[in-house]
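Here is a walk through one protein model, written for someone who likes to see where the contacts are. Have a look at the fold first, and then we'll go through it piece by piece.

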Amino acid sequence: MSAAVDTQAPLDAKAAAAEARYAQATQLQLTWWRFRKHKLALASMVVIVLFYMVAIFADFLATTDPQATDARRSFIPPQGIHFFDDSGFNPHVYGLRGVRNPRTFQLSYAPDPSRKLPVRLFVRGYTYNLFGFIETDRHLFGVEGARPGESIFLLGTDQLGRDLFSRIMVATRVSLSIGLAGVMLSLFLGVLLGGISGLYGGWVDLVIQRIIEVLRSVPTIPLWMGLAAALPRTWSVIQVYFAITLIISLIGWTDLARVVRGRFLALREEDFVVAAELSGASQGRIIFRHMLPSFTSHIIAATSLALPAMIISETSLSFLGLGLRPPAVSWGILLQDAQNIQVLSGAPWLLIPAIPVTLVILAFNFLGDGLRDAADPYG
């Protein structure tokens, strides 16, 4: 009997400690503990972090200048890296020789095993600014001492001889940054206007809700086309970049505003809000210090689900020729080359930019699902 009591006592102590830990935990801690159990969402978060690391170090990962054109390198198929040869471990790629088709006179490329181009880490290449201010020419890997026209083409080249791998690296930075900037602006507009609508009510709520309904009633693609067509052709790439971000944000804030309004309508009669008003707190303090923290996790989940919509919007606009324009590089611009079926039949690797688009959209959606499930830690 005493042994049973002794065995039960440590279990009761552990249960009591666990209950005390949960009772003292913050909402953020409870959300994280529940989110950790969602394995697919955790894996998606790792994928998204890797994508943003690629975006930060895009030029460092690129092997050649993404804007460098060379007619001699047109439509080179993807190359594989050979890690061993007769001498042992020796990473290299084969040189290429051009072969002219006697019937179509089309130039194709075949590997030449007699020419081995050594692949090395931290090689010198084109000059770029790391983090925007550190000038360097170091790259993660590349062909050591390559002659003009020779390099490593992991994903092949396009019609103008530009390296597709390097262009995807740079395009990742542009597309993901537009999505992030667009969501931040949409988050600000959605929280501000949705909070004002739900807190004040009356004619203020009526006006804001009618604006939302008008924006949501306009067909998305014609609205994009009209706004994008209004951009002057003389604008620089940077100006178009910010204009596209603004356009996407002005369209995407309505959903979040509706969610925030509903939460504010439910919270404005709560005791802690009434107490804050009676104590003389300003409306801004009530919104940002008392009401918003109570459903921050829901806003995070809504934001993570809005990010893929922003990214696919930019990709769609650029693919249709209504968004960013060359010489800018984004996933949508890269996929423009895949519009021509005749070109695509001879160079199917031009569809490769669709893979990162699909991966990042799926990852953001799985992450959003995990955050949404973990948003209510007491559920």
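The largest nonpolar core in this predicted model has 63 residues, and the ones with the most contacts inside it are Ile168, Leu176, Leu324, Trp331 and Val360. Which helix gives the largest share of this core? That would be H5, covering residues 164-200, with 10 residues. Another core sits apart from it, made of 14 residues, among them Leu199, Leu256, Phe295 and Ile299.

Of its 379 residues, 41% count as buried. If you take contacts between residues at least 6 apart in sequence, 66% of them join residues at least 24 apart.

H3 spans residues 39-56, which makes 18 residues, and reaches 26 Å from its first C-alpha to its last, close to the 26 Å expected at 1.5 Å a residue. Its buried residues are Ala41, Ser44, Ile48, Phe51 and Ala55. Why do they end up on the same side of H3? Because they cover an arc of only 75° around the axis. The face of H3 turned away from the buried side carries the exposed residues Lys39 and Leu50.

H9 tells a similar story. With 14 residues, H9 reaches 20 Å from its first C-alpha to its last, close to the 20 Å expected at 1.5 Å a residue. The buried residues of H9 are Thr254, Leu256, Ala257, Val260, Phe264 and Leu267. They cover an arc of only 150° around the axis, so they lie on the same side of H9.

**Salt bridges**

Now for the charges. Side chains of opposite charge can pair when their charged atoms come close. The structure holds 9 salt bridges, and the table lists some of them.

| Asp59 | Arg173 | 3.1 Å |

Asp59 and Arg173 form a salt bridge that links distant parts of the chain: Asp59 is in helix H4 (residues 58-61) and Arg173 is in helix H5, 114 residues apart. Is Asp59 buried or exposed? Asp59 counts as buried, because its relative accessible area is 12% and the cut-off is under 20%. Arg173 has 30% relative accessibility, so it counts as partly exposed.

Asp205 is buried at a relative accessible area of 12%, whereas Arg261 is partly exposed at 22%.

**Out on the surface**

What about rings? A pair of aromatic rings is described by the distance of the centres and the angle of the planes. The structure holds 6 aromatic pairs. One of them joins Phe84 and Phe89, with 5.5 Å centre to centre and 70° between the planes. That pair is edge-to-face, because the angle is over 60 degrees. Phe84 counts as exposed, at 60% relative accessibility, and Phe89 counts as exposed too, at 59%.

Last stop: Glu135, which sits in strand E4 (residues 134-143). Glu135 is exposed, with a relative accessible area of 62%. Which residues does Glu135 touch, not counting those up to four places away in sequence? The contacts of Glu135 are Thr127, Tyr128 and Asn129.

Key:
Residues are numbered from 1 along each chain as its sequence is written. This is a predicted model: local features need pLDDT of at least 70, side-chain atom pairs count only at pLDDT 80 or more; totals for chains, interfaces and linings use all residues. Side-chain values use heavy atoms; hydrogens and water are left out. Rings of Phe, Tyr and Trp (its six-membered ring) pair if their centres lie within 6.5 Å; planes under 30 degrees apart count as stacked, over 60 as edge-to-face and the rest as tilted. Buried means under 20% relative accessible area, exposed over 50%, partly exposed in between (1.4 Å probe, protein chains only). A nonpolar core is a set of buried Ala, Val, Leu, Ile, Met, Phe, Trp, Tyr and Cys residues joined through side-chain atoms within 4.5 Å. Helices (H or I, at least four residues) and strands (E, at least two) are DSSP runs, numbered from the N terminus. A salt bridge is a side-chain nitrogen of Lys or Arg within 4 Å of a carboxyl oxygen of Asp or Glu. The expected span of a helix is 1.5 Å times one less than its number of residues. The arc is that of the directions from the helix axis to the C-beta atoms. Contact means heavy atoms within 4.5 Å.
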